[in-house]
Amino acid sequence: MFAALATAGLVAPFLIYPTFLMKLLCFALFAAAFNLLLGFAGLLSFGHAAFFAVSAYVCGYLCKTLGATPELGILGGTAVAALLGLLFGSLAIRRSGIYFAMITLALAQLVYFLCVQFPFTGGEDGMQGIPRGRLFGLLDLSDNLTMYFFVLVVFLGGFWLIHRTIHSPFGQVLKAIRENEQRAISLGYAVERYKLLAFVLSATLTGLAGATKAIVFQLASLTDAHWHTSGQAVLMTLLGGMGTVLGPVLGAGIIVGLETQLADRVGSWVTVIMGAIFVVCVLLFRRGVVGELAALNPLRRHGD
Amino acid sequence: MTSIFGKPAPLLFGQLLLGLINGSFYAVLSLGLAVIFGLLNVINFAHGAQYMIGAFLAWIGLTAFGVSYWEALVLAPLLVGLLGVLIERYLLRRLQGLDPLYGLLLTFGLALVAEGVFRNFYGISGQSYEVPEQLRGGVNLGFMFLPLYRGWVIVAALSMCGVVWYAIERTRLGATLRAATQRPDLVQALGINVPLLVTVTYAAGAALAGFAGVLAAPIFQVNPLMGSNLIIVVFAVVVIGGMGSIGGSILTGVGLGLVEALTKVYYSEASSVVIFLIMALVLLVRPAGLFGRQA
């Protein structure tokens, strides 16, 4: 599956507009990181926009104001997202279920207001003109194709890490916690630490996606920090299939594709359509596209 | 001019009044959320949208059909409640027995739809709603000037909280409701139509949000985003207070409105985030919330 994804990624820019593909890959990584938490640890975060945005701002600040190379900018943004994840995670895991969702949403709104107020974010205008720069001081990223292959490598790296995590003993314990937290506790697992680690990992990879996006589009803005962005990650995961490895990637593809296609034709009705997709997903196919397809295949019904 | 801790008194009292108003809205909305959550086990993300729809119905009623403020105060909540009946009957009911997160996701989708629809028709600039004739002007209380309408909003919102408290804690219907919150199966076995009770509860919660929306219309701009901005703060209020007790919800809501106002006077940069910071603090010290029971 990994090889298939990599091959598709290598061929795609010669068939499809690379800028669209880069947006897709950034959001696919975002959704996959989000799914690590929702699909495998059973924790619904409504605040992932915070990690996405803060990382984008930090990366932009490092590259634009301090003149860092893009890889350092991305590394810095991701590191700050990880720290923020540790902070939010240690607060949010004190409650579970519905409260967890409300707490993460409120904390992300706190970050949103801070982004509005801090002068270095550029407020309503956002941080514009972040230089793409030269990767390791060598590769010129202003070339779209070079940029694309860099994003592809970042995505595949992040995706591989998520894949490894899910199939590691750590991932199995996460699933156990999702299925039956009480039993996991009675088996002697330090449930809180597992949840926190999953949260931090998810926030870190979300940060990686956000920083990469900032380099690609040379922009970090308040839209990234808005709760709509958190909602988008939820929708991509739900639509593609939560708890599946490929689902969020497919979901991101559908949503980003829809947005690109619809933006010119229906304008601001996009929000209504996204909301309607939410409702339909929750009512009619909760397993998502990948989950439903897997369920159709009788041989694999118990697999994965 | 008198000053209190270095701030002119009229400024302080003016902000405190606004804080009391915001606090009353937090109280009404968190109350509705808590009542719905108690029986349906669903966090109603659409609560903010229902508040926004209430405000818009009042505005549309006035501008298009000449419906007065007082009529809107009755009609808009009824219509929002009716919308609630449809949502519960045809959408939420299908999710019974599933993980409560699905209810949150469904109502989140509905909120997006509502927000998007109103944005398309009315833009995001906001419409202003005139203060009704009988409540224009104000009275001088000696230490401050009280605009009549603002006073009315506080009285109306807090009385509504009182009515809800009375209905739940002191009436037969309320007793049934509380029983059904604990053991719906037993209440059903005693011959009470629990599904109907669920529908009525959700509709009442939605109507409460619509009522708050009408009250808010003349104070804040009627704006498609007014609900989602408010509801996230209300979520934080709910986390701080816990959803265990009705009195607790009211107290937390009003208290936090006042704290927010004081922050605005003494350190205005932090006023938009102070409630979220308090939430973080409460989570550290008392994770179940001030009035919550540890699950």
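**Close-up views of a two-chain model**

**View of a loop residue in chain B.** B:Asn41 sits in the loop that runs between helix H1 (9–40) and helix H2 (47–65) of chain B, where helices (H or I, at least four residues) and strands (E, at least two) are DSSP runs numbered from the N terminus. The model shown here is predicted, so local features need a pLDDT of at least 70 and side-chain atom pairs count only at pLDDT 80 or more, while totals for chains, interfaces and linings use all residues. Residues are numbered from 1 along each chain as its sequence is written, and chains are lettered from A and ligands numbered from 1 in the order in which they are written. The phi angle of B:Asn41 is near 60 degrees, a positive value in a residue other than glycine. Most residues other than glycine have a negative phi. B:Asn41 is partly exposed, because 18 other C-beta atoms lie within 10 Å; a residue is buried if 20 or more other C-beta atoms, placed from the backbone, lie within 10 Å of its own, exposed if 12 or fewer, and partly exposed in between.

**View of a loop residue in chain A.** A:Gln218 is found in the loop between helix H9 (191–217) and strand E4 (219–220) of chain A. Its phi is near 55 degrees, which is again a positive value in a residue other than glycine. With 17 other C-beta atoms within 10 Å, A:Gln218 is partly exposed.

**View of chain A as a whole, with its 14 helices and 4 strands.** The C-alpha trace of chain A spans about 50 × 40 × 40 Å along its principal axes. A compact globule of 304 residues would have a radius of gyration near 19 Å, and chain A agrees with this, having 19 Å; the radius is taken over C-alpha atoms, and the globule rule is 2.2 Å times the number of residues to the power 0.38. Of the 304 residues of chain A, 52% count as buried. Among the contacts in chain A with a separation of 6 or more, 76% come from residues 24 or more positions apart, two residues being in contact if their C-beta atoms, placed from the backbone, lie within 7 Å.

**View of the side of chain A that touches chain B.** In this region 34 residues of chain A are in contact with 32 residues of chain B. Helix H5 (97–117), helix H11 (227–240) and helix H13 (269–284) of chain A are the elements that give two or more residues to this side of chain A. The largest share, 14 residues, comes from H5(A). By class, this side of chain A has 24 nonpolar, 7 polar and 3 charged residues, where Ala, Val, Leu, Ile, Met, Phe, Trp, Tyr, Cys and Pro count as nonpolar, Asp, Glu, Lys and Arg as charged, and the others, Gly among them, as polar.

**View of the packing of helix H1 (residues 2–11) of chain A with helix H6 (residues 144–166) of chain A.** The two helices pack at an angle of about 165 degrees, and their axes are 11 Å apart; axes are lines fitted to C-alpha atoms, for helices over the stretch in contact, and angles run from 0 to 180 degrees between N-to-C directions. H1(A) and H6(A) are therefore roughly antiparallel to each other, since angles under 35 degrees count as roughly parallel, over 145 as roughly antiparallel, 65 to 115 as roughly perpendicular and the rest as oblique. From H1(A), A:Phe2, A:Leu5, A:Ala6 and A:Gly9 meet A:Leu152, A:Leu156 and A:Trp160 in H6(A). By class, this contact has 6 nonpolar, 1 polar and no charged residues.

**View of the packing of helix H12 (residues 247–266) of chain A with helix H14 (residues 288–296) of chain A.** Here the angle is about 125 degrees and the axes are 7 Å apart. This makes H12(A) oblique to H14(A). A:Gly247, A:Leu250 and A:Gly251 in H12(A) meet A:Gly288, A:Val289, A:Val290 and A:Gly291 in H14(A). The contact of H12(A) with H14(A) has, by class, 3 nonpolar, 4 polar and no charged residues.

**View around A:Ile177, which lies in helix H7 (residues 169–179) of chain A.** A:Ile177 counts as buried, with 23 C-beta neighbours inside 10 Å. Leaving aside its neighbours within four places in sequence, A:Ile177 is in contact with A:Ala41, A:Ala184, A:Val191, A:Tyr194 and A:Lys195.

**View around B:Met160, whose place is in helix H5 (residues 148–170) of chain B.** B:Met160 counts as partly exposed, with 19 C-beta neighbours inside 10 Å. When its neighbours within four places in sequence are left aside, B:Met160 is in contact with B:Val28 and B:Phe211. B:Met160 and B:Gly38 are 122 residues apart in sequence and, C-alpha to C-alpha, 19 Å apart in space.
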